[in-house]
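User: I would like to go through this model by way of its salt bridges and its helices. Please give the cut-offs as each term comes up.

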Amino acid sequence: MANREKQILQIIRRDPFIQQQEIAEILGVSRSCVAGHIMNLTKKGNIKGKGYILSENSYAVTIGAANMDVTSYVFSELIYGDSNPGKNKSTVGGVGRNIAHNIALLGNESYLISVIGDDIYGETLFEQTKLSGVYTDYLHKLSGESTSTYHSLIDEQGEMQVAVNDMSILEKLTPALLSQSKALIQNAGILIIDCNLTEDALAWLFSYAGNMPIFVDTVSTFKANKIRHWLSHIHTLKPNRLEAEILSGIKITTLADAANAAFWFHQQGVQRIALSMGTEGVYYSEIGGVAGCSPAIPINIVNANGAGDAMMAGLAHCWLEGMSWEESIRFSQGCSALTLSSELTNYPNLSCSRVKKLLESKS
């Protein structure tokens, strides 16, 4: 799709009844130019009828945290209570933002709904997210607020040892603010949300998303509890072992335990679950469909931050592309493995071709 056509679709999503002349004035082009693009979009099936009824299932909406990630790496064995030689890096991050970023890198139309402050971190987040290909029309900049930050310490093995987050700005992503994006959400092909959101925001989304397939990233054991009463509304859930234990009350040590936990989640209404089992891989299960364990992809781990976000983006991409659940899991593990191999929270060269090449080399 041409860039101008994407711009026109963006404008129409905000106002389905906008006149062609108004679109032309916004873009600084002639009305006849806009009419030509709209005709092409109608032929392609992106616009289905009068009143600019947009085709469904063509884009992803991600709602969640947008942070500046400050990551500290030590050069040798970590010594607590002392100064450690190392290096510090600042990158754009946040679970929701990372997922939206990776979905865009994989070639899908990706929208992010979140909040940032009117500070230097917020400006950096906005510009870098836009450059990644994510549509930022609903990335709300709030006056007088501080942008969310996440500071983590990575040991010599590439594992995160401790982190501090300052994410109070997400309390401002209220149902009232979310309602401004209601049309965008309800016409999307998929909705991805992370549990950094407040319980009020989550409740609004689960209540007003309609029949939208909702993919949920649990984020942490503490935050996973927010969705306990909404499991029946979740299409695809991506917890790790501890998060699944907290929600289900089932101790997960073996693959048989993972299968029991998956069955419990299905009983609550979750249609699909991708349960991270660490070095054992991912246990996956689908109601009335396939179940099994996909082994971990061997990779040199540089930084574990962002790997789970890349996996969720892979799952979203595969849903939009109509791939099977089993294929989706393996592809998503490939996205995660590439991210693990990078110092950055988002692997900058993530693409479908690179994921497929990695999977072929490891098969």
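User: Is glutamate 280 buried, exposed or partly exposed?

Analyst: This is a predicted model, in which local features need pLDDT of at least 70 and side-chain atom pairs count only at pLDDT 80 or more, while totals for chains, interfaces and linings use all residues. Residues are numbered from 1 along each chain as its sequence is written, and side-chain values use heavy atoms, with hydrogens and water left out. Buried stands for under 20% relative accessible area, exposed for over 50%, and partly exposed for what lies in between (1.4 Å probe, protein chains only). With a relative accessible area of 34%, glutamate 280 is therefore partly exposed.

User: With which residue does arginine 241 form a salt bridge?

Analyst: A salt bridge here requires a side-chain nitrogen of Lys or Arg within 4 Å of a carboxyl oxygen of Asp or Glu. The closest N and O atoms of the pair that includes arginine 241 are 3.4 Å apart. Arginine 241 lies in helix 10 (residues 241-248) and its partner in the loop between strand 13 (272-276) and strand 14 (282-286), so the pair ties together parts that are 39 residues apart in sequence; helices (H or I, at least four residues) and strands (E, at least two) are DSSP runs, numbered from the N terminus. The partner is glutamate 280.

User: How far apart in sequence are the parts that glutamate 145 and lysine 172 tie together?

Analyst: The side chains of glutamate 145 and lysine 172 meet in a salt bridge at 3.9 Å, N to O. Glutamate 145 belongs to the loop between strand 7 (139-142) and strand 8 (148-154), and lysine 172 to the loop between strand 9 (160-166) and helix 6 (175-178), so the parts they join are separated by 27 residues.

User: Why do the buried residues of helix 2 lie on the same side of it?

Analyst: The buried residues of helix 2 (residues 20-27) are Ile23, Ala24 and Leu27. They are on the same side because the arc they cover around the axis, taken from the directions from the helix axis to the C-beta atoms, is only 100 degrees.

User: At roughly what angle do the axes of helix 12 and helix 13 cross?

Analyst: Axes are lines fitted to C-alpha atoms, for helices over the stretch in contact (heavy atoms within 4.5 Å), and angles run from 0 to 180 degrees between N-to-C directions. The axes of helix 12 (residues 307-320) and helix 13 (residues 325-340) come within 7 Å of each other, and they cross at roughly 145 degrees.
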